[in-house]
Amino acid sequence: MLLLFALLPALGAAEPPTFYRDVLPVLAERCQSCHRTGQAAPMPLQTYKQTRPWAKAIRESVLSKRMPPWHADTTAMRYRNDLSLSEVQRRTLIEWVDGGALEGDVKQTPTLPAFAEGWRIAKPDVVFSMPEPFDVPAEGTVEYQYFRVPTNFTEDRWIEMAEVRPSAHAVVHHAIVSISPRGGGSVFGAQFLAGYAPGSAPQIWKPGVARLIPAGAVLIFQMHYTASGKPATDRTQVGLVFAKQPPQEVALAVRAVNSWFEIPPHAADYKVEAQYTVGEGMKLAAIRPHMHMRGKAFLVRAVFPDGSAKTVLNVPRYDFHWQPYYYLETPLELPAGTRLECVARYDNSKNNPRNPDPDKAVSWGEQSWEEMMIGWFDVLVANPKTARTSSRR
Ligand code: HEC
């Protein structure tokens, strides 16, 4: 009798997971942002029928951590857009496959969050579209496309929400919309406004934080299209919600750049460094490493004025195809004088399957067979126009 009681819970635990009760909730939370009809991934994983043929591939992709795509080390730092599976979620998927990928009882499906259709930000005050649709061929490589869209703003505008929305998700690998001030140059060059990548969330700043679009600015859409096997036509839009009043804090895009490097032929682990020094106190909100096909790893450390240091981003295996902004769970205070030090590593050897030509020395350039080295940072600075001035009485 005693033995039977001791065995029962163990037997219960050994019962294999079923699709409806155990697997569907994991797919909904961690996979369907991309794996649903009309989104970026090649196949939806929404029903048992759709998912069952992929069981083996799911097991393999989850074991190798290729899926969900997430490349930052989260032991050093936590990010609020982390896509990775918890250990329990990973085990559920693997044990489901190992247990025969059972369907189970549809009535056991827990309540699942619904996906929003249409805009995910509040109703936009203004929507800008690419000036014309772009035809993406069924096959082949498409170079980056750039479109200029004048805002015709006659006054400065503060933006508190921004969402980039492709019309043909399946072929939009990523889209970046940046702000080019009237006349072109500013201290920071074109400012990042908002971006889209598969599975990404819209840009929604906390109350009291906003991004500035100066009067007369032009929006630049940088579009990276990938052929999906079927011809498609895309016309990406960006929707903006204006702040009702000037913010306390301004969200700025700044960067550390090194454009003076030459990676020798066949170098397997070539290091390039760049840094950004904080002039006045600010908060670090997000980081995005940018390299091309030979990019291998990217590390960012904050070195504080007292000499102490903290790793804020470690991407040990960089993948050109996944370049999200990593949003810090809590923005990090950077006192004046803090240096954000970036170390990029490149693999120009023939062991890098993406390498277009290991016999070439490679330097800075826009094209994907050339290289780049940029650490992009989203920082929050006090808005001088709304900052409380010390009382003079
Ligand atoms: C951020 C978007 C995104 C998320 C989230 C995502 N996938 Fe994918 N997945 C893709 C894309 C895009 C492809 C096809 C291209 C590729 O393989 O990179 C893909 C391909 C796959 C494949 C095809 C075979 C393979 O391994 O390439 C499997 C299986 C898969 N995903 C399973 C999953 C599972 C399971 C989850 C959730 C645990 C998940 N994916 C989450 C975007 C995503």
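Helices (H or I, at least four residues) and strands (E, at least two) are DSSP runs, numbered from the N terminus. This is a predicted model, where local features need pLDDT of at least 70, side-chain atom pairs count only at pLDDT 80 or more, and totals for chains, interfaces and linings use all residues. Residues are numbered from 1 along each chain as its sequence is written, and side-chain values use heavy atoms, with hydrogens and water left out.

**Stop 1: the pocket.** Select strand 5 (172-180), which gives the lining of the largest pocket its largest share, four residues.

**Stop 2: the iron.** Show H35 and M67, whose NE2 and SD atoms are the protein donors of the ligand's iron atom, 2.0 to 2.3 Å away. Donors are N, O and S atoms within 2.8 Å of the metal (3.2 Å for Na, K and Ca); water is not among the atoms, so sites may look incomplete. H35 sits in the loop between helix 2 (19-30) and helix 3 (48-51), and M67 in the loop between helix 4 (55-63) and helix 5 (87-98), so the pair ties together parts 32 residues apart in sequence. Colour by accessibility: H35 is buried, at a relative accessible area of 10%, while M67 is partly exposed, at 29%. Buried means under 20%, exposed over 50%, and partly exposed in between (1.4 Å probe, protein chains only).
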